[in-house]
Amino acid sequence: TSFGFKEVREEEKSKLVGNVFSSVASSYDLMNDIMSVGLHRLWKDRLVSKLHPFPGMKHLDVAGGTGDVAFRILEDINSVSRRATQDGISDAEEETRLYVCDINPNMLNVGRKRAAERGLGEDRCLVWVEGDAEALSFDDRSMDGYTIAFGIRNVTHIEKALKEAYRVLKRGGRFLCLELSHVEIPVFKQFYDSYSFSVIPAIGELVAGDRDSYQYLVESIRRFPKQEAFARMIGDAGFQKVEYENLVGGVVAIHSGLKL
Ligand code: SAM
């Protein structure tokens, strides 16, 4: 079987993505840990270290789901500025805004709950916004950074999402995308293919009681453009200095670009 992009019609894709994340929201974080054997934590750390967050920054995390990336950015900013000022919250820190944008309110609700559990419930830096990556509600040139982790694969028109990322970034702003990608190393590829095709849907059934959603996730990984092709799409959206880094032989890749 091939999982050609055209096989899933566009309306179907949007509906499928909606269903997937409504049904998995509550088990989402646990499933991430199980399926990636905890590695998604390191991958997100790597993403945030490439961003170089700073106090006072305006940042947009799209498909931000349950807040994983935003929490890391906030922790990073707080540790830097606390070290600099030695006394509580600095003025710049007060101005920091991290917008977590997701199309699915269930995911955002889980994120809000997690923020409250971390004592960040009242933190003005974190702003939760329901919205579509393809039509962002933010002003042109309003953001210092844009991240999207395990999100762009689910977007119906990737080009539109990239254009929107470019639009909302300030000059000098950085685009970073963490996504499941393509393994090219022969023996590892065979192992990875059988892991994802048979093991992931089985774990989905066992843990989340939902085989189909996880089957869909595996198929969406296959359909996603390879590293080089995706890098070209980022360049076509206007970004400069486009590069990517493979992690675990391409199981995931971090693509980056600058708006100059
Ligand atoms: N970034 C989070 C993380 O890494 O843990 C969540 C990733 S989760 C696999 C994908 C998220 O993308 C879901 O929360 C889903 O609701 C969201 N999503 C899907 N399509 C979207 C769109 N068009 N615009 C914004 N968010 C979208």
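This is a predicted model: local features need pLDDT of at least 70, side-chain atom pairs count only at pLDDT 80 or more; totals for chains, interfaces and linings use all residues.
The model contains an open sheet built from seven strands, which follow one another in the order β3-β2-β1-β4-β5-β7-β6 and whose pairing is mixed. At its edges stand β3, covering residues 126-130, and β6, covering residues 240-247, each of which pairs on one side only. On average, and with direction ignored, neighbouring strands of this sheet are turned by 15 degrees against each other.

Strands of a sheet pair through backbone hydrogen bonds, and this pairing may be either parallel or antiparallel. In the case of β1 (residues 58-62) and β2 (residues 97-102), the sense is parallel, and the pairing extends over five bridges. Within this pair, D61 is placed opposite V100 in β2.

Two helices may be described in relation to these strands. Helix α6, formed by residues 105-117, lies across β2 and β3, and its course runs at about 165 degrees to β3. Helix α7, formed by residues 158-168, packs on the sheet, where it touches β1, β4 (143-149) and β5 (169-180), and the direction of α7 makes about 145 degrees with that of β5.

The ligand has 21 residues around it, of which A63, G65, N104, A133 and A149 come nearest. Two or more residues of this shell are given by each of the elements α1, which spans 10-24, and α4, which spans 68-85. When the shell around the ligand is divided by class, 11 of its residues are nonpolar, six are polar and four are charged.

Definitions and conventions. Residues are numbered from 1 along each chain as its sequence is written. A residue is near a molecule or strand if its C-beta atom, placed from the backbone, lies within 6 Å of it. Helices (H or I, at least four residues) and strands (E, at least two) are DSSP runs, numbered from the N terminus. Ala, Val, Leu, Ile, Met, Phe, Trp, Tyr, Cys and Pro count as nonpolar, Asp, Glu, Lys and Arg as charged, and the others, Gly among them, as polar. Two strands pair if DSSP finds at least two bridges between them. Axes are lines fitted to C-alpha atoms, for helices over the stretch in contact, and angles run from 0 to 180 degrees between N-to-C directions. Two residues are in contact if their C-beta atoms, placed from the backbone, lie within 7 Å.
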